[in-house]
Each structure stands twice: as C-alpha cells, then as structure tokens.
Amino acid sequence: MELSGCAKGIRDFVQEHSSGITVAVVAGVGLVVLRRWFAGGKCKSRARLDGKTVLITGANTGIGKATAEELACRGARVILGCRDLTRANKAAEEIRQNSGNGNVVVKQLDLASLQSVRQLAKDILESEDRLDILINNAGIMMCPQWKTRDGFEMQLAVNHLGHFLLTNSLLDLLKKSSPSRIINVSSLAHEKGQINFDDINLEASYDPVTSYRQSKLANVLFTRELAARLKGTGVTANCLHPGVIRTELGRHLMPTIPVWKKVVFFPFLLLVFKTPRQGAQTTIHCAVDEDLEGVTGVYFADCAPKETAPQGQDDEAAKRLWDLSAQMVGLS
C-alpha cells in the first residue's frame, strides 16, 4: 500500500532519529517508574472514624491538611491546632467542602509557646468528651538560630518540646478514650541525629541541619519512651517518616540554595518529590489501619514498619531525654 506524503515524512523521521526516540522513550518510562517509586506506600484501610475525635497540629497546610481532609472524609470530628488562625480557618472551610463533613474546628496553637500549648490542652480537656487520635504533625526545618519566648532553641521547641508537653497534658483524655493512638511525625533525618544533652539548645555551636536532625531524633526517642510508659493503658504511640514532600517546610532552606542549583535540579526534584496527599499516607495508615490495633513503639515509612537508626533504639537516651524534656517544660 502506498504511503501518503505525511506518512512517508513520519516514517523517514523515525528512521533517521530512531536512537534519539528510543532514548526519549526509555527516559520517559524511567521517570514514570521513578515517580511511582518515590510516591511510596498508600494506606489501604477503609476504616471509618464516625464518632471519633482527632487533633492534628499544623493542619492548615501540607501533609497535615491532607491528613485532616482524609480523616474528615472518614467521618471523624477533626480539630486543627494551628498558629495562624486566618490560614487555619480557610483550610478548615476547604476541608469541610471537600469532605462533606462540617465537624471540622480550629483551635489556636503556637508550639513555640508553652503557655499556648497549655491553653490548648486546657481548652480540649474542657470542651471535648473524647480524644481518639492525636497527630503531632507540625514542624519547622532548618531555620536560623531563633529562640522561643521560653528561651528554647526554635526547632527543638516546635518539633519536640511543644508536642511533648501537649501529649502529656492530654494523656488522661486519651486513656479515657482508649483504644486511642498517638502519632508523631518524625523524619529520615533522625538517622544522622544526636541528642546534645550537654547543650540541648545548641548555644555553643548552632547549625540548622544539626538542630533539625536532633529534633527529629527526639521525636523517635520520645515515641519509644512514651510507648513503654503507656503499655497496658490502651493508648499506643508510633512515629513515622512521611517522605520527601513538596510543602512549605523547606521555606527557611530555599533562600540558602544557589540559584544555579535551583535551575538545574528543581525540575527533576519536582518529579520525584511526593505531593502532600502522598506524603500523608503513612500518617493516615498509622491513624486508621485496623491491623495496628495494639501496635506501639514502632517507626513507619511508606505505610510499613521500618527499623530506626541505632541511636533511635537507645532506651537509656530515651529516658534521659524524657526527664530533661519534663524539666524544661515544667512537668512534674
């Protein structure tokens, strides 16, 4: 059969550029496979949360918001604990509309202020009959050497101390609501972290990366000791690495990256970074999966248990950090 002029042109082009086309196809398939691999695991449970109450910190953006929306879709009463009430109220309205669940409320929480943490805990204890799931999600990453009004290094305060105080302040309600779950959002960064017990606020030598790693290791050790202390209460405590995600968490890191690196690497990174919805999957899995009933003290990534770094398994360090944290936030 005789080919038309257009068909001949396409045939000739393919023959002349067959090598380049092959490379492009292979590269395209490779990017798709790589993108799916980086997307990680997905929560498979369809468990409903009707009649249950969830508190999520930092839920007005990123994976916190994605988590809140999914749990609202499952019927939960969802409380967003956020610092910026304007953004939180906007997020809450979007969650209500997208989930069809009007039972989404906003409460103010500034994790850099112990007073704010205590005020939220008091509010929750006075206004809520139950608390089934506490998700300590809010965080700050690689900020300058800032101190909180209480005098603590900012990353340690927001990522660990604020959540430590909040969790302890709500334990009685969590026990009353058992079986209940506590979920701490940590990071793979804990693997290179160390707890500087002699200078916990890193005043002698501050480095934003070192500080972030320390705070994420603190999440792991806090979870470990908390799980041990809660055995037999019906309250479980687990932590997780959500993955590398396109969120606002890197807002303090971005200005420090040279422009040429942004131009060269960011188009590729945008392909492999998780979306907030993908990054929320492990948190959702830990919150709802029926098979995790009674599972405690475990570190998860991609919706599966993973082993922490050796320093995350140090029981002595976990107890020491607990005692130091309790002293810092004024817990007896």
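pLDDT is the predictor's confidence in each residue, on a scale from 0 to 100. This is a predicted model, where local features need pLDDT of at least 70 and side-chain atom pairs count only at pLDDT 80 or more, while totals for chains, interfaces and linings use all residues. Residues are numbered from 1 along each chain as its sequence is written, and side-chain values use heavy atoms, with hydrogens and water left out.

**View A. Confidence along the protein.** The average pLDDT is 88, and 80% of the residues score at least 70. Helix H2 (residues 18-39) has the lowest confidence, with a mean of 47, while E4 has the highest at 99. Over residues 23-37 pLDDT stays under 50, and the model has 11 contacts (heavy atoms within 4.5 Å) beyond four places in sequence for that stretch.

**View B. The open sheet.** Here are eight strands in the order E3-E2-E1-E4-E5-E6-E7-E8, with mixed pairing. E3 (104-108) and E8 (304-306) sit at the edges with a single partner strand each, so one side of each has no neighbour in the sheet. Neighbouring strands are turned by 25° against each other on average, direction ignored. Strands (E, at least two residues) and helices (H or I, at least four) are DSSP runs, numbered from the N terminus; a pair of strands needs at least two DSSP bridges.

**View C. E6 beside E7.** Strand E6 (residues 235-241) pairs with strand E7 (residues 299-301) in the parallel sense, over three bridges. Leu-240 has Phe-300 in E7 as its bridge partner.

**View D. Helix H5 on the sheet.** Helix H5 (residues 114-127) packs on the sheet and touches E1, E2 and E3. Its direction makes about 140° with that of E3, using lines fitted to C-alpha atoms (for helices over the stretch in contact) and angles from 0 to 180 degrees between N-to-C directions.
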